[in-house]
Amino acid sequence: MKLRKAFKFRLDVNAEQQARLRVLCGHARFVWNQALARCNEAYATEGEYVPRYESMSKWITAWKREEDKAFLTEAYTDNLQQKLKDLDSAWRRYFDPKLKADRPCFKKKGRSRDSVRFVNFNKYCQLNGRRVKLPAGIGWCKFRKSRDITGLIKNCTLSFSQGHWWISYQAEQDITPPAHPAPDHWVGIDVGIAQLATLSDGSSIAAINSFRQHEQALARAQRQLSRKVRFSSNWHKAKARVQRLQGRIANVRQDYLHKTSTTLCQNHAMLVIEDLQVKNMSASAKGSVESPGKHVRAKSGLNTSILDQGWGEFRRQLEYKSLWMGGEVLAVPAHHTSQTCPECGKVSPLNRLTQSAFVCIDCGYENNADVVGGLNILARGIEIRERAGRRPDRL
Ligand SMILES: [Zn+2]
């Protein structure tokens with residue numbers, strides 16, 4: 001089985017390299033915005049259609065001949081092509097009825113995450129210990145190698161965030177997944193707001209409150225930033241402070257998700273989850289009529305990059321880690337998992353008179369509402385697998 005894995009490190013660049021990287025990112029951003037404008041035009045006039053990558057890539061050649069875009073001749077063409085590929089997949093995600101991702105939007109200087117990707121790593125780049133040689137006039141850079149890179153590096157992405165440059169290598173390796181140590185351990189996972197997740201075995205995983213610890217500091221830094229004159233040197237300093245804090249929050253979150261997902265995958269061969277749309281998951285902070293969100297005020301002020309690392313990221317980690325360990329993640333339809341009685345099967349909103357307690361109106365079955373969710377999700381997973389002729393001997 002071919003597996004792609006990313007290895008991300010902090011990159012140390014000198015002033016000259018930094019200047020070059022900013023120019024490369026600027027070119028890439030320019031091409032993204034130009035292409036997006038043309039896509040938007042096509043979308044408005046031709047309905048649910050935008051040009052695909054194959055047509056977009058031809059625009060680059062044409063733009064280089066235009067007088068006002070002549071600076072693109074100094075750009076690194078691979079970077080530009082990769083940006084257009086990213087734009088193409090952003091549109092695919094937008095049109096995908098299952099993902100319903102946000103529509104691609106224009107990138108603003110200093111506001112959007114700047115990045116450029118170098119493909120054909122073995123041909124154009126070179127790795128030597130803690131140093132990497134990059135094309136496009138960047139040359140050798142040091143990176144803070146905190147772990148070994150395994151597999152064959154296919155490409156690398158350089159990005160600027162939290163006030164620093166980063167390099168992320170994408171490497172591919174061929175692995176044979178081992179047999180899972182606990183093949184009969186199946187579990188249903190109900191994701192929530194008060195808890196990150198509740199399991200069908202009755203245990204729960206606490207919510208990530210990393211942002212709360214830093215909330216005040218972040219609010220203060222953001223207030224300071226708003227008082228500075230835009231693009232002044234104090235503004236840049238204040239902005240870096242905000243980004244550092246946001247980065248710290250994101251790191252704490254990511255670390256917590258990794259620890260949690262590893263434990264879950266080690267202990268259970270089958271993880272049954274609800275097939276929620278990623279968009280709905282990140283929107284869940286607002287809650288729904290059925291279950292209003294509990295930390296709406298606190299969460300609504302948060303940077304989207306922090307919210308992005310919630311349940312969508314959790315599911316992604318569960319999926320790839322299960323794959324490594326010989327386990328599996330099974331996504332089941334998410335209708336009425338909170339309103340169905342696990343004992344008699346009665347479906348009614350009246351089973352949930354309070355947020356936390358489940359009491360069946362027919363048979364009187366009582367349990368914690370989130371645990372009921374987990375049990376129903378697990379039951380759906382077992383049902384699907386029984387139809388396919390496989391079920392666990394023991395739970
Ligand atoms: Zn019942």
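In which loop is H336 found? H336 is found in the loop between β12 and β13, where helices (H or I, at least four residues) and strands (E, at least two) are DSSP runs numbered from the N terminus.

## Basis of the model

This is a predicted model, in which local features need pLDDT of at least 70 and side-chain atom pairs count only at pLDDT 80 or more, whereas totals for chains, interfaces and linings use all residues. Residues are numbered from 1 along each chain as its sequence is written, and side-chain values use heavy atoms, with hydrogens and water left out.

## Overall architecture

The secondary structure of the chain comes to 11 helices and 14 strands. Of its 395 residues, 42% count as buried; buried means under 20% relative accessible area, exposed over 50%, and partly exposed in between, with a 1.4 Å probe and protein chains only. Among the contacts in the chain with a separation of 6 or more, 68% come from residues 24 or more positions apart, a contact being heavy atoms within 4.5 Å.

## Zinc site

The zinc ion is coordinated by the SG atoms of C341, C344, C360 and C363, at 2.2 to 2.3 Å. Donors are N, O and S atoms within 2.8 Å of the metal (3.2 Å for Na, K and Ca); water is not among the atoms, so sites may look incomplete. Along the chain, the donors of the zinc ion follow the spacing C-x2-C-x15-C-x2-C. C344 counts as partly exposed, at 40% relative accessibility, whereas C360 is buried, with a relative accessible area of 4%.

The angles among the 4 donor atoms run from 107 to 114°, and the site is tetrahedral. Four donors count as tetrahedral if all angles lie between 85 and 135 degrees; four count as square planar and six as octahedral if opposite donors are over 155 degrees apart and all others between 65 and 115, and anything else is irregular. The ideal angle at a metal is 109.5 degrees for four tetrahedral donors.

Helix α3 comprises 19 residues (residues 77–95) and should span 27 Å at 1.5 Å a residue; its end C-alpha atoms are 27 Å apart, which agrees. The expected span is 1.5 Å times one less than the number of residues in the helix.

The buried residues of α3 are D78, N79, L80, Q82, K83, L84, L87, D88, A90 and W91. What covers these residues includes α1 (15–46), α2 (53–65), β2 (114–118) and α4 (121–124).

## Aromatic and cation–ring arrangements

The chain has 17 aromatic pairs. Rings of Phe, Tyr and Trp (its six-membered ring) pair if their centres lie within 6.5 Å; planes under 30 degrees apart count as stacked, over 60 as edge-to-face and the rest as tilted. W59 and W63 form a tilted pair, 6.0 Å centre to centre and with 55° between the planes. Both lie in helix α2, 4 residues apart, about one turn of the helix, and both W59 and W63 are buried. F9, F121, F143 and Y169 form one aromatic cluster.

A charge sits over a ring if NZ of Lys or CZ of Arg is within 6 Å of the ring centre and within 35 degrees of the ring normal. The charged end of K107 sits over the ring of W32, 4.2 Å from its centre, and K8 lies over the face of W166, at 5.5 Å from the ring centre.

N155 lies in strand β6 (residues 152–161) and is buried, with a relative accessible area of 11%. N155 and N122 are 33 residues apart in sequence and 8.4 Å apart in space, C-alpha to C-alpha. Leaving aside neighbours within four places in sequence, N155 is in contact with R4, R117, F118, V119, F121, S168, Y169 and Q170.

Q18 lies in helix α1 and counts as partly exposed, at 27% relative accessibility.

## Positive phi angles

H336 has a positive phi of about 55° although it is not a glycine, and H336 is partly exposed, with a relative accessible area of 46%. N120, in the loop between β2 and α4, has a phi near 50°, a positive value in a residue other than glycine. N120 is partly exposed as well, with a relative accessible area of 43%.
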